[in-house]
Amino acid sequence: MSKSTRRPQQIFTIVMWLLSIIFAGFLIGLGGLIIKDLPQVDRQITVEQFADTKALEAADNSLENQQGALLNLRRNIEDAQEDQRTAREDYQSARASFNNWIKTRNATQSSAQNPEVIARNRTIEELKQDERTAQRDVQDAQTALRNAERELSDIRSARSDIISQARPKYRAAKRAQELRVFLFRLALTLPLLLVAGWLLMIKRKSAYWPLYRGFVLFALFAFFVELVPYLPHYGGYVRYTVGIIMAMIAGHFIIRSMRRYMERKKTEEARSESERRQSIEYETALKKIAAKTCPGCDRSIIQRDGVDTDFCVHCGIRLQEKCGSCGNRNISFHKFCLSCGVASPEPASGP
Ligand SMILES: [Zn+2]
Ligand SMILES: [Zn+2]
């Protein structure tokens, strides 16, 4: 920023940029909320919605039943194992007491054909039989569980078959939804971009330009950033195509305004020196001189012996002149002499 601009003006420029950015931020936030609250856009689609409903329901039911049956079978096994343990312990303790009894008996009598021995032996045999039965029960229960588990996995694979049949339809619906959401967002953001382009073209000189600029920032953000997560696989084409078109339009306008500028400068340079000097705005002239640029033709100011020349060598406009009162060399666009304060003889027009 040049030294010759008024200080509040410099602050004003910064504040206006802040205003543009804050305004854009609020617009972006509001736009996001509106989009989020729009109905039917982000509805969740599941693959189950596209399956044969009756078959799926039947499969789900038998899956549930089978899981219940499995639970019962597991409990049965636990019970049978408990019975088996008891039968084994009964047998083992009977066997041990029999052995002890036989030992003490052997010490006194030695007849193996004693009816008491035979009766006790039979009891032990019966206990052994009970243990075997309990063991068989456990094995039977385990076989039943294995069969039930096989059946369960059959039901599961049948269910997943039903689901995979629904998958193509599901994918198509998913794609359609993506496309719908994308088109919807495109329909909202593309007009914003067009309005922004229009504002950029015609409102640049408006006093409310900082607000319009905020809107332009918002539109650019909405189109090039917020649209991205909703782009389908070909969505990039849309974004880049619009970007290319925008660059071409911008290029067209820049080239055209450059041409116009060149023509304007040519016609300006054909006019008389004092006329041209009158037509240059005061602030603009001071800014350009501070940047060592001729306010008339925008070319660099030539220096001689380290001092700016009195005239522009390109367009002949007067850059410096002597004060009529004290003889000090002043920039010809200054309104007053910097040494004696006398008003310059030919003050530059403009604010
Ligand atoms: Zn010049
Ligand atoms: Zn003077």
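Student: How are helix α3 (residues 115–202) and helix α4 (residues 209–226) packed?
Tutor: Helices α3 and α4 pack at about 145°, with axes 9 Å apart. Axes are lines fitted to C-alpha atoms over the stretch in contact, with angles from 0 to 180 degrees between N-to-C directions. Helices are DSSP runs (H or I, at least four residues), as are strands (E, at least two), numbered from the N terminus. This is a predicted model: local features need pLDDT of at least 70, and side-chain atom pairs count only at pLDDT 80 or more. Residues are numbered from 1 along each chain, and side-chain values use heavy atoms, without hydrogens and water.

Student: Which zinc ion (ligand 1) donors does the protein supply?
Tutor: C294, C297, C312 and C315 each give SG, at 2.2 to 2.4 Å from the ion. Donors are N, O and S atoms within 2.8 Å of the metal (3.2 Å for Na, K and Ca); water is not among the atoms, so sites may look incomplete.

Student: What makes the arrangement around the zinc ion (ligand 1) tetrahedral?
Tutor: Four donors count as tetrahedral if all angles lie between 85 and 135 degrees. The four donor atoms here subtend 106 to 116°, so the arrangement is tetrahedral.

Student: What does the pair C297 and C315 tie together?
Tutor: C297 is in the loop between α7 (282–290) and β1 (303–304), and C315 in the loop between β2 (307–308) and β3 (320–322), so the pair ties together parts 18 residues apart in sequence.

Student: Why does C297 count as buried?
Tutor: Buried means under 20% relative accessible area (exposed over 50%, partly exposed in between; 1.4 Å probe, protein chains only). C297 has 6% relative accessibility, so C297 counts as buried. At 15%, C315 counts as buried.

Conventions:
Chains are lettered from A and ligands numbered from 1 in the order in which they are written. Four donors count as tetrahedral if all angles lie between 85 and 135 degrees; four count as square planar and six as octahedral if opposite donors are over 155 degrees apart and all others between 65 and 115; anything else is irregular.
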